[in-house]
Structures are given as structure tokens and as C-alpha cells.
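The following note sets out some points for a colleague who is examining this model. Please read it alongside the sequence and the coordinates.

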Amino acid sequence: MTICTLCAYPSAGYLCVRCSSATGNRLGDMPGLYDTLAAFLAPACRRPETGRTSRVEAPLPVSEDVLTLRGPGGMVGVLEDWRDALHSELGWTVPGQRGTIERRVADASGSLRTNMLWIADAWPQAGEFAAEIRQLHQEATAVVEPPERSRVLGPCAAWFDDGTFCGGAVRLPQDGRVARCSWCRTAYPPVTWCALVTGKWANGESPRTNNLRQGTSDRSGTDDVLDGNIYAP
Ligand SMILES: [Zn+2]
Ligand SMILES: [Zn+2]
């Protein structure tokens, strides 16, 4: 048994199942995040759903963060660099850069995601890779999904294939009707909230995660790590 090179929890490979799954989920989000970022390029951009910016106002500079993320060295550059490094490591042909940037983001993230199990088990660079993907995901998400007010209902009771439990923070957005685990993304409808808060699940009632290798996200020192305590909203 060694430790996960991202979260330092015990792990059989370079990444634990939670960090491996979280990284895979983040890679899966990349094409959609790239597309969504385009809506935030406009000068004086307001969140699209909040209405138009008046054209009477003087134009403001284009968002530099968004430009950087969508530029050649941004999302596509990070993903293709890691994809190329992976192919080199495995002795595979390094693919060229083909198609639109949207296409390249989808191809590179898809290729990395497909190989997540090998990356987690056997690639010494897995921790550095996963940290960079997490950083990229955080930067993009900070633009398109500013943090919403939410409260934590309790630790996630979803269980993995190996019989262990997730334990991530289950958050209920303000005015939301479905709470969701920030690690494995298991959804909790209102009927389950009482058990979530009390931790008293009827036998066989607690959900099972539905991720590839179960569990997601990582124990990265955030308040998403719960120790069985309920955090104040
Ligand atoms: Zn980990
Ligand atoms: Zn969970």
C-alpha cells in the first residue's frame, strides 16, 4: 500500500479511487466548459441569464482569464501536452493537432479520460497531472459557475465497489430541491435528507455511487472533507 500522490490517502496506485474518478469527471467536463466559456468572452459580460449589458456603456476589456483559458496555451494546450506525454510514455504515436480548438479539447480530454485507470495505477506523473487538471477545472468553473450559497447536509453515504463509503460533503444549494455530493456527485432527493443529517440509514437504503471507479474529487484540504460531523450552514 502506498499513498495517493494527489491527496496522500492510502492507495494501491499513484491515485486513489476518489482522485482517479474525480480527475476523470473533470476531464469529461472540459469540452462543455470550453464551449461555455465563450459566452463569458464578451466585454462587460454579465452572466448570460441576468440579461443584456447596455450598449450605452463604454466597452470594457475582454475577460483576460477567459481569453487565456480559450487561447492556444490554455485549456487545449494543457490537455494536449498531457495527452502527448501519455502517448510518449506508452510508446504510442503522438497525435497531431487537428480540427478546431473545440475538437482538440474534446479529443485530448477524451483520450486522457479513456486511460485514467492506467494513469492512476501506473503513471508516476499521475499526481502532477491530476493536480494540473484540477487547477484548470477550477479556473474554468470559477468563471462559468461562481460559488453558490449552499449548506452541507452531511457526509455522503454512497458506497463504492470495494464496500467503503464516500464521505464527501453533500451540499444543498439555496432554494435547491436536490442535494449533491461534491465528491461523487450522487444526488440526494428530499426523502433522503433526514437520513443524511442523522446518518441513520435503513439497511440497504444508502445509495451506491455510479462513477467509473467510484468516488470522485479528492481530499485536497477543503471543507469537503467531513469527519462525520455536520458543518453549520
Ligand atoms: Zn487521492
Ligand atoms: Zn459521495
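1. Ala8 is partly exposed, with 14 other C-beta atoms within 10 Å. The model is a predicted one, and these values should be read accordingly.

2. A second residue of this kind is Arg185, whose phi is near 65°, again positive in a residue other than glycine. Arg185 is placed in the loop that connects β5 (179-181) and β6 (187-188). It counts as partly exposed, with 19 C-beta neighbours inside 10 Å; the cut-off for a buried residue is 20 or more.

3. As to the overall arrangement, the protein has 7 helices and 6 strands. From the N terminus, their order is β-β-α-α-α-α-α-α-β-β-β-β-α. Of the 233 residues, 35% are buried. Among contacts with a separation of 6 or more, 65% are between residues 24 or more positions apart.

4. Which residues of α6 are buried? They are Ala126, Phe129, Ala130, Ile133, Leu136 and Ala140. These residues cover an arc of only 130° around the axis, which places them on the same side of α6. An α-helix has 3.6 residues a turn, so residues three or four places apart point the same way.

5. The two sides of α6 have distinct surroundings. The buried residues of α6 pack against α1 (17-37), α2 (64-70), α3 (75-90) and α5 (116-122). On the other side of α6, the residues Gln135, Gln138 and Ala142 are exposed.

6. The protein also contains an open sheet of 4 strands, in the order β3-β4-β5-β6, with antiparallel pairing. Strands β3 (150-155) and β6 stand at its edges; each has a single partner strand, so one side of each is left without a neighbour in the sheet.

7. Within that sheet, how many bridges join β4 to β5? Strand β4 (residues 169-173) is joined to β5 by 2 bridges, and the two strands run antiparallel. Arg171 stands opposite Arg180 in β5.

Definitions and conventions. Residues are numbered from 1 along each chain as its sequence is written. Chains are lettered from A and ligands numbered from 1 in the order in which they are written. This is a predicted model: local features need pLDDT of at least 70, side-chain atom pairs count only at pLDDT 80 or more; totals for chains, interfaces and linings use all residues. A residue is buried if 20 or more other C-beta atoms lie within 10 Å of its own, exposed if 12 or fewer, and partly exposed in between; C-beta atoms are placed from the backbone. Two residues are in contact if their C-beta atoms, placed from the backbone, lie within 7 Å. The arc is that of the directions from the helix axis to the C-beta atoms. Two strands pair if DSSP finds at least two bridges between them.
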